Protein chains: 2
Amino acid sequence: MPDQPTPTGPFDPSFLAATELIGKRWTAAIVWAIYHGHNRFGDLQHNIPGLSARMLSERLKELEAEDILERNVYAETPVRIEYQLTEKGLALRTVLVALGKWAIKWDHRIESGK
Amino acid sequence: MPDQPTPTGPFDPSFLAATELIGKRWTAAIVWAIYHGHNRFGDLQHNIPGLSARMLSERLKELEAEDILERNVYAETPVRIEYQLTEKGLALRTVLVALGKWAIKWDHRIESGK
């Protein structure tokens, strides 16, 4: 029997929650962009085509609540705010790399959007 | 600079589509259950707590349209119908294993659902 990723398999609440977290529109792109050094709000918005400021702001708050990133405020003039991945957020890298490889290998598009 | 999973990074349409595919409620659980040998409708429904017949039916059709699984009809009495992962579907295993490991390591729950 193949390995299971969790003791109770895909039906574990944490597994289901993780798939939904990653699947939420823009979330993976934002995590990946921060991972690649786009740490500021404007920089993120600039680098993720199609992502509105409102949606970016919402997702950043969600990811902060999930302890995937942290928001650091530096008392400079003007104030500098940077988003950094936590250890938990950095650990998503393996998942995103695997998913990216799969997507490019299979040139995956959602059928209805082709 | 770290590896990127696709030439254009997280903003590649196939990457975004893949994250949304995996994140759609129940999709990962269904793929994983089929991978573990639950190949028939009733068996899938029985093994994924909380998944309704209507939702299971909808997801199976979507996954068939995405070429992630195929539906095989065997002309027996009564007719036997089995779902099998395609090569593309089987290739998702790496992603699901990585995600499952992450979920269990961080005991991930969506915050609002804790």
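**Which residues on the other side of α4(B) are exposed?**

Two to look for are B:R54 and B:K61, which are exposed on the other side of α4(B). Keep them in mind while we look around. What you see here is a predicted model.

Let's start with the scores. The model comes with an ipTM of 0.82 and a pTM of 0.80. In chain A, the average pLDDT is 85, and 84% of the residues score at least 70. A word of caution: where pLDDT is low, the predicted coordinates should not be read in detail.

## A hairpin in chain A

Now for chain A. Strand β1 (residues 69–74) and strand β2 (residues 80–85) of chain A run antiparallel, and 6 bridges join them. To get from β1(A) to β2(A), the chain goes through a hairpin of 5 residues. If you'd like a pair to pick out, find A:N72, which stands opposite A:E82 in β2(A).

## Helix α4 in chain B

Back to the helix we opened with. Helix α4 of chain B covers residues 53–65, and at 1.5 Å a residue its 13 residues should span 18 Å; the C-alpha atoms at its ends are 18 Å apart, so the two values agree.

Its buried residues are B:L56, B:R59, B:L60 and B:L63. Looking down the axis of α4(B), you'd find these buried residues within an arc of 105 degrees, so they line one face of the helix. Just past the end of α4(B), B:D67 has a positive phi of about 65 degrees.

How values were computed: Residues numbered from 1 in each chain as written. Chains lettered and ligands numbered in written order. Predicted model: local features only at pLDDT ≥ 70, side-chain atom pairs only at ≥ 80, totals over all residues. Heavy atoms only, no water. pLDDT = per-residue confidence, 0-100. Pairing = 2+ DSSP bridges. Helix = DSSP H or I, 4+ residues; strand = E, 2+ residues; numbered from the N terminus. Expected span 1.5 Å × (residues − 1). Buried < 20%, exposed > 50% of the residue type's maximum accessible area, 1.4 Å probe, protein only. Arc of directions from axis to C-beta.
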